[in-house]
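Please go through this structure by way of questions and answers. Keep the sequence and the model in view while reading.

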Amino acid sequence: MTSELMIKACTFYTGHLIKTHFCTWKDIAKPRTYEDDILAEKMERAMKYDNFRLQKYVFHHWHSYVKGQIEKRKATLSRIKQIYYSARLIIILIKWREKARQKYKKRQDELLLKHELQLMKWRNKIKFKRSAEEQSSSPESLSEVLLVGEIPQCDISVLPERAVLQIFFYLSLRDVVICGQVCHSWMLMTQTSSLWNGIDFSSVKDMITDKYIVSALQRWRLNVLRLNFHGCLLRVKTLKSVSLCKNLQELNVSDCPTFTDDSMRYISEGCPGVLYLNLSNTTITNRTMRLLPRHFHNLQSLSLAYCKKFTDKGLQYLSLGNGCHKLIYLDLSGCTQISVQGFRNIANSCTGIMHLTINDMPTLTDNCVKALVEKCPFITSVVFMGAPHISDSAFKVLCACDLRKIRFEGNKRITDACFKFIDKCYPNINHIYMVNCKGITDGSLKSLSPLKKLTVLNLANCVRIGDMGLKQFLDGPVSTRIRELNLSNCTLGDASIVKLSECCPNLNYLSLRNCENLTDLGIKCIVNIFSLVSVDLSGTDISNEGLTILSRHKKLKELSLSECYKITDIGIQITDSAMELLSAKCHYLHILDISGCILLTDQVLEDLQIGCTQLRILKMQYCRLISKEAAEKMSSMVQEQEYSPYDPPSWFGYDSQGEPLTEKQDGTPFQDSDLTMKESTYSSEEEAV
């Protein structure tokens, strides 16, 4: 190695080392020079970020505040609008009410004026008639009298066909035939095909001949949909003609003694489309039961009530062919020959039954119901009236069905246990009819209170039901839904009726018959049930004061007050003037019972002859001021008449002059208990009044 190379190497090494250390120093010394600037830049950036966050925080709170103010403003505005609309509606309602009150008053005045004019016209008509009888010798004057007050006749032949049909639909078969003989135009109107869709031969069974029936069925065979032969005594040939009606859907041959299996065979072969079939109280046997499933594939309603000649085997035939699987309604009332096996046969054949009626069946037991329910889960209504051996076990079995309606009567084995879980087992039930069931007490009413769809409740003659049960019943939601309530012969008083008026705003029909503890105090509360249209207070302790209170009810249409012995002539006064108004207004009156009205005279019968031309039944027992001659003249105007001019019996509570009786004929004091009407015939007549 030479010195030049050594010097060159050292120079290179020294230069490289200086360069390296200088670059390192430069890198270290340079940041210190700009550190203040960088720090100042970072501080500025930090301050901007902090200001941004502060602005964001303030803006967020401001936004929430503004939003809250807007919501408050909207709520305030909405409230102001609501107050404005409410005030406006109140003003409108006040004006409408005032206007309605004026219209109502005007209508009342017009109605009163109309009644006065009608009564005046009625009196003038009677006056003209009497003058016409007196001047009958003069034809000219008679014609003038007859023209006075004459009502213009209306020719219905000029009415639209739809209106004419609607008129003729209300007529019986006999009346339609008579109308067809009036004139040619009326005959054409009675020949409208739709008028003969349904023919009721039962209404003319005592006068119609088999020849006419056959002729009518042959003529209208394509139009007839419904036939009613109830109680008709017909020949086999006549019943055979029913098979001509190929479109027949409804047939009623109940109580026809001549209807046999052969008649059923002809009908089943010719009328396969029958939907409703009533064979009640006929002599059919298992042969007919074999025909039903083979021919009536769409049968929905079948009544075999009181048919005694078919057996359990006949019920087994219902599953033959296509079977009666579409059957919805079945009536087996009075068929005591059916055993548990028979009900099993029904369940196997007719699984879709929804409505079941089995009345007057002392052989019906819980096992029969169990056998039927096992395969018929769609039952919604059961009627077991006159089935004394049904017990609470049957209700337990029926829990598998969605019952809507139950009807029992005269059963001593049914107790409160059947209603214990009714709100869970039958939540949709709306009709309960449990009459004369002695085992039902206040506990049953308490169990019924949670029902939300119950509208009809009849617990008549359940004598163990009292005020406590009714109060518990009204505590539940059922009180707002109930529309019909029958608690006849129950031990109810005024206290429960007070709550009834407060909790039942939709009650339409109320029966408190023979609730002896009910007085005028309870009647005052009944008036507050504004929805009532019918009330039965027979046998209660109501007096003239209570009757006056009831007269204030605006919607009441039917009121029964038989055997209310505290009601006297002051409460009800029936005289000739009242009957005159009745004759002038009630032109379509059919039945009238004025027995015991001792103030009526012969003038009543004259008014009835002129005004009530459609009167059919007239009862005038113990009307002492009506003469025998007038009664005999009136008998030709009605179909049935009862008349006696004798004094009223002692159990009426008043004498021939209308004075209350204080003692009997034997001299003993007259008691309220002596007023009991022992004659059942007159009792029914009094109820009719």
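**Salt bridges, helix packing and surface**

Q: Which side chain meets Lys-48 in a salt bridge?
A: A salt bridge here is a side-chain nitrogen of Lys or Arg within 4 Å of a carboxyl oxygen of Asp or Glu. For Lys-48 the N to O distance is 3.9 Å. The partner is Glu-44.

This is a predicted model, in which local features need pLDDT of at least 70 and side-chain atom pairs count only at pLDDT 80 or more, while totals for chains, interfaces and linings use all residues. Residues are numbered from 1 along each chain as its sequence is written, and side-chain values use heavy atoms, with hydrogens and water left out.

Q: Why are Lys-48 and Glu-44 separated by about one helical turn, and in which helix?
A: Helices are DSSP runs of H or I with at least four residues, strands are runs of E with at least two, and both are numbered from the N terminus. Lys-48 and Glu-44 are about one turn apart because 4 residues separate them in the helix. That helix is α1.

Q: Is Lys-48 buried or exposed?
A: Buried means under 20% relative accessible area, exposed over 50%, and partly exposed in between (1.4 Å probe, protein chains only). Lys-48 has 56% relative accessibility, whereas Glu-44 has 47% and counts as partly exposed. Lys-48 is therefore exposed.

Q: How many salt bridges does the rule give?
A: Side chains of opposite charge can pair when their charged atoms come close. One of the pairs is Asp-402 with Arg-404, at 3.1 Å from N to O. Asp-402 is partly exposed at 29%, and Arg-404 is partly exposed at 35%. By the rule, the count of salt bridges is 8.

Q: Which residue forms a salt bridge with Asp-536?
A: The N to O distance in this pair is 3.2 Å. Asp-536 lies in strand β14 (residues 534-536) and its partner in the loop between β13 (509-511) and α18 (520-526), so the pair ties together parts that are 23 residues apart in sequence. The partner is Arg-513.

Q: Are α11 and α12 roughly parallel or roughly antiparallel?
A: Axes are lines fitted to C-alpha atoms, for helices over the stretch in contact, and angles run from 0 to 180 degrees between N-to-C directions. Angles under 35 degrees count as roughly parallel, over 145 as roughly antiparallel, 65 to 115 as roughly perpendicular and the rest as oblique. The axes of α11 (residues 340-349) and α12 (residues 366-373) come within 8 Å and cross at roughly 20°. The two helices are therefore roughly parallel.

Q: Is the crossing of α21 and α22 left-handed or right-handed?
A: A crossing is left-handed if the near helix is turned anticlockwise from the far one by less than a right angle, and right-handed if clockwise. Helix α21 (residues 602-611) and helix α22 (residues 628-635) pack at about 15° with axes 9 Å apart. Their crossing is left-handed.

Q: What is the phi of Asn-281?
A: Asn-281 lies in the loop between β4 (276-278) and α9 (286-295). Asn-281 is partly exposed, with a relative accessible area of 41%. Although Asn-281 is not a glycine, its phi is positive, at about 55°.
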